[in-house]
Amino acid sequence: MTGRRAAAAALFLTIALTPAPAQAAEGPEQIVNGTFDTGTAPWWGTGNLTLEVDDGRLCADIPGGTANPWDAIIGQDNLPLVEGETYAYTFAASATPAKVGRALIQLPVDPWTQYLSAAPELSVSGNVYSYTFTAPVTLPNAQVAFQLGGSADPWRFCMDDVSLKGGAEPEVYEPDTGPRVRVNMVGYLPSGPKKATLVTAETTALKWQLKNAGGRTVAGGVTEPRGVDASSGQNVQTIDFGSYPKPGRGYTLVADGETSRPFDIAAGLYDELRVDALKFYYTQRSGIEIRDELRPGYGRPAGHLGVAPNQGDTSVPCQPGGCDYTLDVKGGWYDAGDHGKYVVNGGISVHQLMSAYERDRGAFGDGMLRIPESGNGVPDVLDEARWEQEFLLSMQVPQGRPLAGMAHHKIHDAAWTGLPLLPHLDPQPRELHPPSTAATLNLAATAAQAARLYARYDAAFAARNLQAARRAWAAAKANPALYADPNDGVGGGAYSDGDVSDEFYWAAAELFITTGEKEFAQFVLASPHHTGDIWRDRGFDWGNTAQLGRLDLATVPNSLPGRSQVRRSVVEGADKYLAIQRAHPYGMPYDPPDYDWGSNNLILNNMVVMATAYDLTGKERYRAAVREGMDYILGRNALNQSYVTGYGEVASRNQHSRWYARQLDPALPNPPRGTLAGGPNSAIQDPLAQRLLRGCKPQFCYIDHIESWATNELTINWNSPLAWISAFLADDGKRPRHG
Ligand code: 9MR
């Protein structure tokens, strides 16, 4: 509860049911985010509830017509209990209309042993409830649960200031953040910009020096105090050494008695990353042997070709009760550190690879990526993208079947597997999950784009894509609200999305650009996403795809009426991100109060908008903004680390993956060079992060540990903006002509 919210909370009357002894009340706090200052995470609700922050409290509309208290639950997991310790449990809550709820602290699994069980009488005006109990066991993962089901009529529940005090002090994790001068550890391009961030207690300007590898001072100046940065909780100052242009290796910046890690000033800094970020995809491939001579240290047998112990993916049935056919859905890329393959996420990934090519065809040649198809006369990036696009096509429901033309949402293991596990050793049954409108529109969009890009290399493949895109479009129009189940997250991610109007817009845009047909133009022009401000502060991603359509309409030649306004709108979006970046002492074009899952990809996608504004206008400020944004990814951040494997002195290398699992098995490799980590995630959903990072300020909600799947996974849709942006930065200002 923050200041602004205090007045609202005063509505809760205080009644202490069991006075809590002072000793327990003084113990350490065990609840994470009991005040809802940073949103609702890590609180969870059953699938029939939507948790929301309402005036500083967590609230939810509880549906009527459920039978049991446990038919609607709000809870938090992973609370450590110590046997024999006494705990004070308090919370404020209200019900409209009044209801009796159940407040439990219990074992999170069968037999759900209850250590505290209370039946608070909840009133409309609200009360504060206090209880004490002594833990009968030591447990790392007790559950706090509010059971709210069993009412014939719907009602609204709100709570605030949930606190469980007592027990052991939570483990304190101190990341090693190295020198307090934070730089892009890979380096800076000679033509700039060049900025760094100093973490210091000082609030007045300080002197800084730039030193060359020999330790000689080559430039100097004074810092700019920037106050306390909310994203890190640090008092910071910025250093601008942009006027120093001379290329060289091993520079350091010195300020406030601290020396930064070394960095280069050099042209061509992103040439290798442009290649490595794309090479990442070959080793994510399913259904093909990874050849060690192409990726030394990464060779492995083909995964999921129906060879025991694998059970897929050549003839995959639906989940029980689903369809009565099987599909051959071999191939494609594994989504992330799991062995799942998801159409919505595959869609944006393959699109961004194709878009990097479509932006500047000359920059991507045959042989660039050392993949099995190198030398076939087709640019490698298109060969790589095709590997995924063929898979997406195979997920389409065949003619003559129910929902023909729709795409199955995803295919993955029936149950979650452990780590490590090489793809070819996965013994789980594989299942197709029901078709969804979102998946179908991802297929329509990427197939339409593929149709125009592959036409000159393989006319038949291009035609197959266009036909699939048209079928998908028609099927989505006929089934516009088939949503993936948000609770369908066993054995694979849910990737649910309850609003597909943006996917409709993106698909219509791609179909229009490829065909020029009126139906698609009309759809685009009538869509609220065409003129609305779609430039979310948080960026775009797999679930927010209108931006992909708008960017392509602005840059890929087409004859849409009012196109100049479309282009202007991209520049307006870029201006918004530019303003966010200028206000941020770490130079980030992303500044929400809490960081999202995969924040690094959202940052990169905001950079894609600024890069596109550069392509459209040629204005240097947009290119400079993209360069500066990259500084954050490569080390100018609160943790003083690069989020790209192999880039920078201290870089992520233990990303969550079942096969790059060196942290668990030294016989396995780390992720390949050029692999992006998801990055800080305020909601810290995994138990490791919850144990070590509780209460973290956004930039600190990250740990380079293989078990932290919520902060440190790798995915195909996070490397795709990295590849796009690296290509942009590598071309060093060559601006493609946009028709
Ligand atoms: O990237 C996804 C993120 O946007 C979602 O919030 C999260 C929860 O649904 O899922 C993330 O995707 C994961 C997917 O569900 C399973 N494969 C790994 C993905 C990255 O962590």
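Tutor: Contact here means heavy atoms within 4.5 Å. Keep in mind that this is a predicted model.

Student: Happy to. What makes Gln389 a residue that asparagine 465 touches?

Tutor: Gln389 is listed among the contacts of asparagine 465, along with Leu393, Ala447, Ala450 and Ala451, and residues up to four places away in sequence are not counted. Contact means heavy atoms within 4.5 Å, so each listed residue has a heavy atom within 4.5 Å of one in asparagine 465.

Student: Where does asparagine 465 sit?

Tutor: Asparagine 465 is part of helix α7, which covers residues 459-478.

Student: Why is asparagine 465 called buried?

Tutor: Its relative accessible area is 0%. Buried means under 20%, so asparagine 465 is called buried.

Student: Now the domains. Which residues belong to domain 1 and domain 3?

Tutor: Domain 1 is 24-166 and domain 3 is 271-730, with domain 2 at 181-265. Domain 1 brings 12 residues to its contact with domain 3, which brings 6 residues. The centres of the two, taken over C-alpha atoms, are 37 Å apart.

Student: How much area do domain 1 and domain 3 bury between them?

Tutor: About 670 Å², with 50% of it on carbon and sulfur atoms. On the side of domain 1 that touches domain 3, there are 6 nonpolar, 4 polar and 2 charged residues.

Student: How many salt bridges does the rule find across the interface of domain 1 and domain 3?

Tutor: The count is 0.

Definitions and conventions: Residues numbered from 1 in each chain as written. Predicted model: local features only at pLDDT ≥ 70, side-chain atom pairs only at ≥ 80, totals over all residues. Heavy atoms only, no water. Domains from an automatic or database assignment. Buried area = accessible area lost by both parts, 1.4 Å probe. Salt bridge = Lys/Arg side-chain N within 4 Å of Asp/Glu carboxyl O. Nonpolar A, V, L, I, M, F, W, Y, C, P; charged D, E, K, R; others polar. Helix = DSSP H or I, 4+ residues; strand = E, 2+ residues; numbered from the N terminus. Buried < 20%, exposed > 50% of the residue type's maximum accessible area, 1.4 Å probe, protein only.
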